[in-house]
Amino acid sequence: MRRLMVSLLMMVLCIISANAQVEFEKGWITDGSGARIDCLIRNRGWRTSPESFEYRLDGDGKILQGDLMTVSEFGVGDYHFIRKEVDVDTSRPSIENYTKGAAPELVRMKVYLFVLSDGDFKLYSYKGGTYKDSYYYSLGESEPQYLIHKNYIGTSGGVMENNAFRQQLKQVLAGVDTGGVALDKLTYNEKSLGQFFDKLNGIHQDRQKSWGRVQLSAFAGAGVVTSNFKNFSTRPRQYFGPDFSVLAGGVEMEYSFPFYRDKLALVLAPEVYSFSQESYWEPVAAPPVEQWVKFSTLNIPIALRYKMFLGTKVNLYVDLGVSAGLPFNADINVTGFQYMDINRNYNLVCGAGVNLFDRVSVGLKGHYFDKVFADHTGFDSRIDVTELVISCNLFSFPKRR
C-alpha cells in the first residue's frame, strides 16, 4: 500500500510538472533598449523581491530568463517591478540581531523594487528575505531615495526606533497637501506608507494586509487497511487480512499562506476511523485459536499542502505531514496476547487529490503506523491505512478571487 501511495504522489507531481505552463499569465517587460514587449510571465506570487523570472514571448513556447542584466522593468497581475540601484538596509529584522547605533547598515545594490504606489509621488519596497523590509520614495522622475528607519539597541540596553523617514517626508513634501495625514503618526510598513502615498496620488484602493485564507471542510472516507502483525518469537506468521475495510470521517481546516498565490497551505484534519477483523486458526495438534483486531482511533494529522491550479475551477494538491494517533476502543488479540490499552502513536501521513470549483475534493490519503505494540519486541505490528476521501467545503474566508 505504501508503494501505491508513493506511485500516486509521483504521478501527481508529474502532472503538476506537465501543466506548469498554466502559471504563465499575460504581462510585459521592458528590455535593455527601453522597448516594452508584451509577453507571458510565470507569476510566482513573489513574497520577496526577485532577482530573476521566467517569461515566454507570445506564440513561442520557449521559456526565457529575465534578470537584472537584461530586463529593466516587468509587470504581471498585481506585480510591478522596476530595476534600480539603491541603498539597501542590511539590518536584520529579528530582535536578537538588532545592533547598537541608530544608523542603518546601507549597501549600494542593483535590485528589483516593487512599485507600491505610482504617480507623481512614487513609493517602492524592497524585501530581501534575510534583510528588513526597505521603503523608497521618488518625486516625479527622480531616482528612488531610501526612507530611513531602523530598530536598534540603545545605550540603556532597550530597543529603540529610528524614525527619521518622517522628517524626510516633512522636508520633501513641504507645501504639499497631505490630506490631513499626521506624518508623525506614520509607521514603517506597507499599509501605512502605501495608504499615505495613495492619498497623495489620488488613488483609492484597499491596503488591508492579507492574513491568508481559511477553508473549513467536512469529509468522509472509506478504504483498506493493510495489517502486518507477525510473531517473531516462534515461527514467523502473518495474522489477519492482509487487507480489510476501514471507515472514516472528520473535518479539515486549510490555511493558505498569504504568499505564493494560495499555492502553499497548512492543513489540520482530525478524523475518527475504525476497522475490525477476526480470524480462526486451527494449528496442528493444538486447540483452535481465535484472533481479532478492533481498532478505533482519533487521528490528528498536520500536513503541508502544495496546490497546482489548472485554471480557476480546478486544482491538484499533494499533502505530506505527520499525525498523532489517539486509540480508543482498541482490542487486539494475537496468539493469546490481548492488548486493550494501546498508547498514542505517531505516524506519517501523505495524500493527493483534486479540488473542483472550490467546493468538492476527491483524493487518497495514507496513514502509516509503526510499532502498534511498542512494548512487545516479539511482534512486527504495523498498520497501513489508505482511504479514498470525499470532502465538501463548508465555508471559505475570504472568498478566492
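**View 1. The second largest pocket of the predicted model.** The second largest pocket holds about 180 Å³ of space, a volume being the space filled by probe spheres set on grid points joined across faces, edges and corners. Of the 13 residues that line this pocket, Ile82, Lys84, Lys122, Tyr124 and Glu141 are the closest to its centre. Here a pocket is an open set of points on a 1 Å grid over the protein atoms alone, where a 1.4 Å probe fits, with protein on both sides within 12 Å along at least five of seven lines, and lining residues have an atom within 4 Å of a point. Strand S6 (79-89) and strand S8 (121-126) are the elements that give two or more residues to the lining, and S6 provides the largest share, three residues; strands are DSSP runs of E, at least two residues long, numbered from the N terminus.

**View 2. Strands S2, S3 and S4.** Strand S2 (residues 36-42) pairs with strand S3 (residues 52-57) in the antiparallel sense over three bridges, where pairing requires that DSSP finds at least two bridges. S3 also pairs in the antiparallel sense with strand S4 (residues 64-67), over four bridges, and phenylalanine 53 stands opposite glycine 66 in S4. Six residues lie between S3 and S4 in their hairpin, and glycine 59 in the turn has a positive phi of about 80°.

**Basis of the views.** Residues are numbered from 1 along each chain as its sequence is written. This is a predicted model, in which local features need pLDDT of at least 70, side-chain atom pairs count only at pLDDT 80 or more, and totals for chains, interfaces and linings use all residues, while side-chain values use heavy atoms, with hydrogens and water left out.
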